[in-house]
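Please view the structure before reading on.

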Amino acid sequence: MSHAELRDLYRELILDHSRKPRHFGRLNDATHKADGINPLCGDKLRLYLKIDSGRIESSSFEGTGCAISVASASLMTDAIEGMSVESAESCFAVVTDRLTGGASQLDVELEKLAALEGVREYPSRVKCATLAWHALHAALTDNPTPATTE
Amino acid sequence: MNAAPARVTQAADWRLDFPALRQSVHGQPLVYLDSAASAQQPEVVIETVAAYQREDHANVHRGVHTLSHRATEAYEGARDKMRDFINASARSEIVLTKGTTEAINLVAQSFCRPRLQAGDNIVITHLEHHANIVPWQLVCEQTGAELRVAPINDRGEVSIDELYELVDERTLLVGISHVSNALGTVNPVEEVVAFCKGRNVPVLIDGAQGVPHLDIDVQAIGCDFYAFSGHKMFGPTGTGVLFGREALLEEMPPWQGGGDMILEVSFENTIYNELPYKFEAGTPNISGVVGLGASVDYLQRIGMQRIADYEHELHDYMVSQLRDVDGMRFIGEAANKASVQSFLLDDIHSHDLGTILDHQGVAIRTGHHCAMPVMQWFGVSGTCRASLAFYNNRDDIDRLVIALEKAREIFG
């Protein structure tokens, strides 16, 4: 086995965020929320957003998941705070495109998110990485049905 | 460990019969420990299906021409092999289905639905696969009947006394797995059948995980229905069997209409075909069933008792080796267990572990194993499950252990 390939999936940044997820827990003054469900494993997460004047003031998530899905949610909530709703939507589009093999450009200040891209080599794990992002999209579009990665 | 060298040699020989096992995954020789999800097929099954497709294929039970005759002989010949394999008393008791799930749905809709009334009940256990839960939920919803669930204990064994307490004069059927797919628990089905017979309650056994590992004799068990799948017993997917006692099958109406299940059709009156064809509407999975017949021949050449003995020893080796891995938590430690060990390692999510093991060429199942109530009972969202077949050996277990230790390094 090539240890290096596995290390590419489970990078230190991913392991760190999965062990100590940022923004973990309920957001009591949330204005938007959405659930994400990964039908493959049944893992669920709930995403909370506090949006004020078109800007994401704060965000958090709760739920259970694998290292990839927890790290993805943690990195995402880190990244989107302070963003306008429009920027967050375009960030959703760019990240999900890149995780599924696309070539969209990631802004320099978001390059941390590239740590998630190890999943591109693992088709069954892409959904773990995109789950939080689909929940973000659902929350921003006020979609009441739980987001899935299907 | 007390190796039994003769048997280990045999395993190596059996393994050579399975082409899929002769490959590398991520640069490592494949260690396949997911046979409880679907077993690999021996060369003879693959070749039998191919030969049938090349030379003998036509529709069954219809034509007078040579190929139709050959196809019918091969298909019905496989039914006879299945009868012999589980020791049913007559070929009319072997209904060919697309798998265990369809077989159980057939019983739910054809046996239970016309009989069930509001206030009646069906009894199952907490250990069941979704295939032995949801068909009963559906028929209970349709009829206003109650679904009762016998609890399990910390070891993952059904509390048989509590199951018996749930059976009363309004119980129409008891459904229980022979071997739990998620935990490997072997249920005392003979006892359950004996108890239920005394109360005139029919018993359906979900044998999907029983047939690949145990020497099954439905007459000795005494059950009324026994359902199993071809792909778990080294045959093609989309094949399966419902064994039903003839007296019960006779009373049951067809559950799907179409060709092959009729004797005579007019718009005024349709006369149904005899058993088992009454339950086999439409052109069946002929090539798959022919392949399943080849699988039965193959298994009988080795001998199911020999397979059961070998696997029992290998299972005990697996349990003893896994127990020594640091951070190991077993889910399911029944006193009587077959071929499966479910576990969690430290707090590593099962899917992360599955990916890391796959990277080392080791295939296991991760997640809820279509048994979410079992997961809920143990308070976990999923487990890792290593499951054995007779083509596995001690080297496979050793590779699993090494791979788990590597996972601990990465997540350490």
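Predicted model: local features only at pLDDT ≥ 70, side-chain atom pairs only at ≥ 80, totals over all residues.

Helix 5 of chain B spans residues 134-143, and its buried residues are Pro135(B), Trp136(B), Val139(B), Cys140(B) and Thr143(B). Because these residues cover an arc of only 130° around the axis, they lie on the same side of helix 5 of chain B. An α-helix has 3.6 residues a turn, so residues three or four places apart point the same way. After helix 5 of chain B comes Gly144(B), with a positive phi near 80°.

The next topic is the interface of chain A and chain B. Here 19 residues of chain A are in contact with 16 residues of chain B. The table lists values for this interface.

| Item, chain A and chain B | Value |
|---|---|
| Buried area | about 1,600 Å² |
| Share of that area from carbon and sulfur atoms | 60% |
| Salt bridges | 1 salt bridge |
| Polar contacts (both residues at pLDDT 80 or more) | 8 residue pairs |

Which side chains meet in a salt bridge? They are those of Asp352(B) and Arg125(A), at 2.8 Å from N to O.

On the side of chain A that touches chain B, helix 1 (3-9), helix 2 (12-19) and helix 3 (67-80) of chain A each supply at least two residues. Helix 1 of chain A gives the largest share, 5 residues. By type, the residues of this side of chain A are 11 nonpolar, 3 polar and 5 charged.

Definitions and conventions: Residues numbered from 1 in each chain as written. Chains lettered and ligands numbered in written order. Heavy atoms only, no water. Buried < 20%, exposed > 50% of the residue type's maximum accessible area, 1.4 Å probe, protein only. Helix = DSSP H or I, 4+ residues; strand = E, 2+ residues; numbered from the N terminus. Arc of directions from axis to C-beta. Contact = heavy atoms within 4.5 Å. Buried area = accessible area lost by both parts, 1.4 Å probe. Salt bridge = Lys/Arg side-chain N within 4 Å of Asp/Glu carboxyl O. Polar contact = N/O pair within 3.5 Å; in protein donor to acceptor, adjacent residues only side chain to side chain. Nonpolar A, V, L, I, M, F, W, Y, C, P; charged D, E, K, R; others polar.
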